[in-house]
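Reader: I'd like to learn how to read a model like this one, feature by feature. Could you take me through it?

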Amino acid sequence: MAGTAWKWVVGCGIGCVVVLLVVAALGTGAFFLGKGIVEEVEQTEREMEALSERFGRARDFRPDPDGAIRPERIEIFLAVRGSLAETRAELERTFSVLHPGEGADGEEGGGMMGKIRAGIGLVSQLMGFVTARAEALLEHEMGLGAYYYIYSLAYYSWLGNSPADGPAFRLVGDSHQTRNWDGENFGGVDEFEVREERAERILRELHRLVLPMLRNQLEDLDARGGSDTAGPWREALATEIAAMEADRLRLPWADGLPAVIEQSLAPFRDRLEKSYSAQCSALEFGMDGD
């Protein structure tokens, strides 16, 4: 896990560019800004390490062999989501200010000065989001693997939200994406390209995390034996594993959720829909430490 939060900071987009510009102008004052970021990153990594030590690696999560998601697990997931509502709302406001081309100087929250003020606090907000999520998961006794499993199946595979969701600018990405933020396109980023890259990144993350979970699920199902190992659920699970192995950008259960999973989620549909944040969804993946 060590160092994952730093990769996040290095990989962020417009907010970090603004922060770097301000730090350069601050001179000696930059020391205190940088010191604060270091402390926040270290706090985030401590919380993530505690979560990993308590529940293990996210991709090692083992869903119930019969395919059902227990109601109490969905309730816990929603409780975690609820505890993060205020943190998400603050980030959504910051993203709105940082949206390329929005706001003119003199407008409330708009213009370059508004973006600079928002950008200064963005890294802190990003770390705060991940820290708060880890704390909520520890408090509610849910591992990151179980959280990711329900998140991906409920929000993406079932409700049809897009992995491309998020701000219109690059927020988290690899070093190549970060280098693309130069002076020329600072104010005129290609939103289509941003969303295309984001969707690919998240789909690769889902493949890396969820495929091992499905393999664990099949292994446990076969180990249990009995009639379940010859039923339609096992066939559907094995078919989905094969499909994901053949396509690294395949959304889990892209052809539709099996009835046993959909029936588990259906009683919670309204609450799940309300708990989703399109703007913050891009922050959910890439900080598991694996």
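Author: What follows goes from the overall fold to a few helices, the core and some side-chain pairs. This is a predicted model, so to speak: local features need pLDDT of at least 70, side-chain atom pairs count only at pLDDT 80 or more, and totals for chains, interfaces and linings use all residues. Residues are numbered from 1 along each chain as its sequence is written, and side-chain values use heavy atoms, with hydrogens and water left out.

Reader: How many helices and strands are there in the protein?

Author: Elements here are DSSP runs numbered from the N terminus: helices are H or I with at least four residues, strands are E with at least two. By that rule the protein has 12 helices and zero strands.

Reader: And how much of the protein counts as buried?

Author: Buried means under 20% relative accessible area, exposed means over 50%, and partly exposed is in between (1.4 Å probe, protein chains only). Of the 290 residues, 49% count as buried. As for surface, accessible areas come from the Shrake-Rupley method with a 1.4 Å probe, and for residues only the protein chains shown count as cover. The protein exposes about 13,200 Å², with carbon and sulfur atoms supplying 53% of that.

Reader: What do contacts say about the chain?

Author: A contact means heavy atoms within 4.5 Å. Take the contacts between residues at least 6 apart in sequence: 82% of them join residues at least 24 apart. Leu-209 sits in helix H9 and is buried, with a relative accessible area of 0%.

Reader: How do I check a helix's length?

Author: The expected span is 1.5 Å times one less than the number of residues. Helix H7 (residues 144-158) has 15 residues and should span 21 Å; its end C-alpha atoms are 20 Å apart, which agrees. For H4, 13 residues should span 18 Å, and the end C-alpha atoms are 18 Å apart, which agrees too.

Reader: Which residues touch the most other members of the largest nonpolar core?

Author: A nonpolar core is a set of buried Ala, Val, Leu, Ile, Met, Phe, Trp, Tyr and Cys residues joined through side-chain atoms within 4.5 Å. The largest one has 63 residues, and Phe-77, Tyr-147, Ile-261, Leu-265 and Leu-272 touch the most other members. Several helices supply at least two residues each, among them H3 (30-55), H4 (71-83), H6 (111-139) and H9 (191-224). H7 gives the most, with 12 residues. To trace one member, follow Leu-272: leaving aside neighbours within four places in sequence, Leu-272 is in contact with Phe-77, Leu-78, Ala-154, Tyr-155, Trp-158, Leu-159 and Leu-265.

Reader: Now the charged pairs. How many salt bridges does the structure hold?

Author: A salt bridge is a side-chain nitrogen of Lys or Arg within 4 Å of a carboxyl oxygen of Asp or Glu. The structure holds 19 of them. In one, Glu-284 meets Arg-133 at 2.8 Å, N to O. That pair links distant parts of the chain, 151 residues apart: Glu-284 is in the segment after helix H12 (269-275), and Arg-133 is in helix H6. Both Glu-284 and Arg-133 are buried.

Reader: What about pairs within one helix?

Author: An α-helix has 3.6 residues a turn, so residues three or four places apart point the same way. Glu-191 and Arg-195 form a salt bridge at 2.9 Å, N to O; they are four residues apart in helix H9, about one helical turn. Glu-191 is partly exposed at 34% relative accessible area, and Arg-195 is partly exposed at 23%. Glu-200 and Arg-204 also meet in a salt bridge, at 3.2 Å, N to O, and both lie in helix H9, four residues apart.

Reader: Which side chain does Thr-44 make a polar contact with?

Author: A polar contact is a pair of N or O atoms within 3.5 Å; within protein, one must be able to donate a hydrogen and the other to accept it, and residues adjacent in sequence count only if both atoms are side-chain atoms. The side chain of Thr-44 pairs with the side chain of Thr-131 at 2.7 Å. Thr-44 is in helix H3 and counts as buried, at 0% relative accessibility.
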